[in-house]
Amino acid sequence: MSSNSNLTTMKRTVEQLKLEASVDRIKVSQAAADLQQYCLQNASKDALLVGVPAASNPFREPRSCALL
Amino acid sequence: MCDQTFLAITFGPCDNCSQNKPLMNIYLKNEPINYCSLCVELMACQGLAKGETIHTLKAESETLKGKLEEERAKLHDVELHQVAEKIEALGQFVMKTRRTLKGHGNKVLCMDWCRDKRRIVSSSQDGKVIVWDAYTTNKEHAVTMPCTWVMACAYAPSGCAVACGGLDNKCSVYPLSLDKNENLAAKKKSVAMHTNYLSSCSFTNSDMQILTSSGDGTCALWDVESGQLLQSFHGHSADVLSLNLAPSETGNTFVSGGCDKKANVWDMRSGQNVQSFETHESDINSVKYYPSGDAFATGSDDATCRLYDLRADREVAIYSKESIIFGASSVDFSLSGRLLFAGYNDYTINVWDVLKGTRVAILFGHENRVSTVRVSPDGTAFCSGSWDNTLRIWA
């Protein structure tokens with residue numbers, strides 16, 4: 001019984017590997033360029049990246065600046 | 001057209017392996033049988049083709065693994081940080097704790113933002129699940145779970161319910177009522193049942209389905225209303241610690257990471273493991289999709305965070321430093337995906353430039369391990385939860 005289940009598990013592993021090997025892949029240069037493009041396109045909307053004026057960020061209370 | 005066959009659920013001993021698990025009632029040659037989801041999957045692989053023995057299968061699996069590595073290596077023509085050399089470096093970051101949420105009696109284990117960008121649900125080792133208003137730091141609801149170590153919590157997309165679970169091996173959904181005096185625990189709905197602790201849970205795009213991951217090595221998709229097991233995901237060989245759904249535009253997949261050092265990408269409808277990545281050297285504590293859905297980041301006990309691209313089918317960046325020796329417990333991206341926030345067991349949060357691979361800031365403030373880090377839905381702030389019993393909002 002246990003050898004049967006080992007066999008089944010092994011067969012399952014082989015089927016899984018066949019599936020993974022057949023995936024369509026693109027070059028890293030292409031993938032990296034796309035990731036970079038996404039970042040740059042959305043950079044202006046990213047408040048944590050560019051910072052928004054204190055008034056429009058609900059977590060930063062607008063304070064009057066005391067310049068020393 | 002959605003073609004889901006609803007199977008009546010029961011939870012009990014499987015006719016095949018005799019273990020107590022959620023069962024699927026199926027018919028074999030017109031005879032009804034109760035098999036657990038793993039046995040149903042294994043049934044498809046039973047029976048050997050001509051000439052197959054355990055040795056031929058082993059040899060075949062080794063050659064396939066070799067072929068996979070070869071195919072992946074062929075396309076590795078450049079590194080991400082090389083492509084990113086031409087873009088401007090990021091300036092100095094000023095990120096401070098803007099709010100501290102105090103109220104948990106013990107370690108904060110998990111948190112989630114509501115889509116309204118101001119409410120937060122957090123869960124703790126003491127069994128309490130609290131819903132906070134992050135702007136005012138007021139507690140809006142509190143539920144006491146019947147178990148300690150509530151390791152997972154999630155806010156429903158509608159904002160009307162929260163799901164949580166942990167050592168009770170279940171995921172329960174609590175509808176939130178506007179009446180402050182209402183006893184939330186009375187309305188509790190048990191949805192998921194695993195055979196080991198619940199490590200992570202997430203609603204899909206609606207309040208109707210929940211995806212869970214568990215210490216029993218599986219992930220599962222459940223229907224909230226009936227508690228039925230809709231789909232089960234087998235493939236990890238150890239506890240699954242974290243899962244994350246792909247951003248809605250990119251379809252029905254999710255990624256999971258576990259103690260077997262693997263990060264697996266799954267198709268939610270078929271239950272198929274479509275891609276698998278195994279380059280970490282220790283448990284993967286956290287997985288998070290890149291905002292475009294084409295990549296995902298992981299945080300691990302090997303003190304590194306890594307970025308895997310799905311279309312290139314390989315790891316494309318490692319975020320590590322010799323001085324960082326403690327594991328990363330939780331990761332999240334900023335809105336544009338340029339920044340990666342990672343919480344570590346050395347009490348700090350490191351902010352990484354995703355494209356260049358460099359660290360841009362270290363945030364100090366917590367007095368114990370950072371267990372969870374999440375960026376708000378509109379990207380204006382992020383929240384961190386820690387074993388020091390507090391949550392901090394940074395902006």
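Contact here means heavy atoms within 4.5 Å. By that rule, 41 residues of chain A and 71 residues of chain B take part in the contact between the two chains. The model is predicted, so local features need pLDDT of at least 70 and side-chain atom pairs count only at pLDDT 80 or more, while totals for chains, interfaces and linings use all residues. Residues are numbered from 1 along each chain as its sequence is written, chains are lettered from A and ligands numbered from 1 in the order in which they are written, and side-chain values use heavy atoms, with hydrogens and water left out.

Start with the interface. Chain A and chain B bury about 5000 Å² between them. Buried area is the accessible area (1.4 Å probe) that two parts lose on being put together, summed over both. Carbon and sulfur atoms carry 69% of it. On the chain A side, Arg25(A), Leu48(A) and Phe59(A) lose the most area to chain B. Together they make up 17% of what that side buries.

Now the polar side of the interface. Between chain A and chain B, 12 residue pairs are in polar contact, both residues at pLDDT 80 or more. A polar contact is a pair of N or O atoms within 3.5 Å; within protein, one must be able to donate a hydrogen and the other to accept it, and residues adjacent in sequence count only if both atoms are side-chain atoms. Helix 1 (2–21), helix 2 (28–42) and helix 3 of chain A each supply at least two residues of the side that touches chain B. Helices (H or I, at least four residues) and strands (E, at least two) are DSSP runs, numbered from the N terminus. Helix 1 of chain A gives the largest share of that side, 13 residues.

Three salt bridges cross the interface of chain A and chain B. A salt bridge is a side-chain nitrogen of Lys or Arg within 4 Å of a carboxyl oxygen of Asp or Glu. One pair is Lys18(A) with Glu60(B), at 3.5 Å from N to O. Arg311(B) and Asp34(A) also meet in a salt bridge, at 2.4 Å from N to O. This pair runs from the loop between strand 23 (305–309) and strand 24 (314–319) of chain B to helix 2 of chain A. Arg311(B) is partly exposed at 28% relative accessibility, and Asp34(A) is partly exposed at 24%. The cut-offs are under 20% relative accessible area for buried, over 50% for exposed, and partly exposed in between (1.4 Å probe, protein chains only).

The whole structure holds 15 salt bridges over all chains. Within chain B, Arg119(B) and Asp116(B) form one of 2.4 Å, N to O. Arg119(B) is partly exposed at 23%, as is Asp116(B) at 31%. Arg338(B) and Asp353(B) form another, at 2.8 Å, N to O. Arg338(B) lies in the loop between strand 25 (328–333) and strand 26 (339–344) of chain B, and Asp353(B) in strand 27 (residues 349–353), so the pair ties together parts that are 15 residues apart in sequence. Arg338(B) is buried at 6%, and Asp353(B) is buried at 1%.

Shared partners build a network. Salt bridges join Arg25(A), Glu69(B), Arg72(B) and Asp313(B). Asp313(B) sits in the loop between strand 23 and strand 24 of chain B. Asp313(B) counts as buried, at 1% relative accessibility. Its side chain makes a polar contact of 2.7 Å with that of Arg25(A). Beyond its neighbours within four places in sequence, Asp313(B) touches Arg25(A), Arg72(B), Gln275(B) and Phe277(B).

Ring pairs link Phe277(B), Tyr289(B), Phe296(B) and Tyr308(B) into a cluster. Rings of Phe, Tyr and Trp (its six-membered ring) pair if their centres lie within 6.5 Å; planes under 30 degrees apart count as stacked, over 60 as edge-to-face and the rest as tilted. The count is 15 aromatic pairs over all chains. Phe59(A) and Trp113(B) have ring centres 6.2 Å apart and planes at 75 degrees, so the pair is edge-to-face. The pair crosses between chains, from the segment after helix 3 (47–50) of chain A to strand 5 (residues 108–113) of chain B. Phe59(A) is buried at 0% relative accessible area, and Trp113(B) is buried at 6%.
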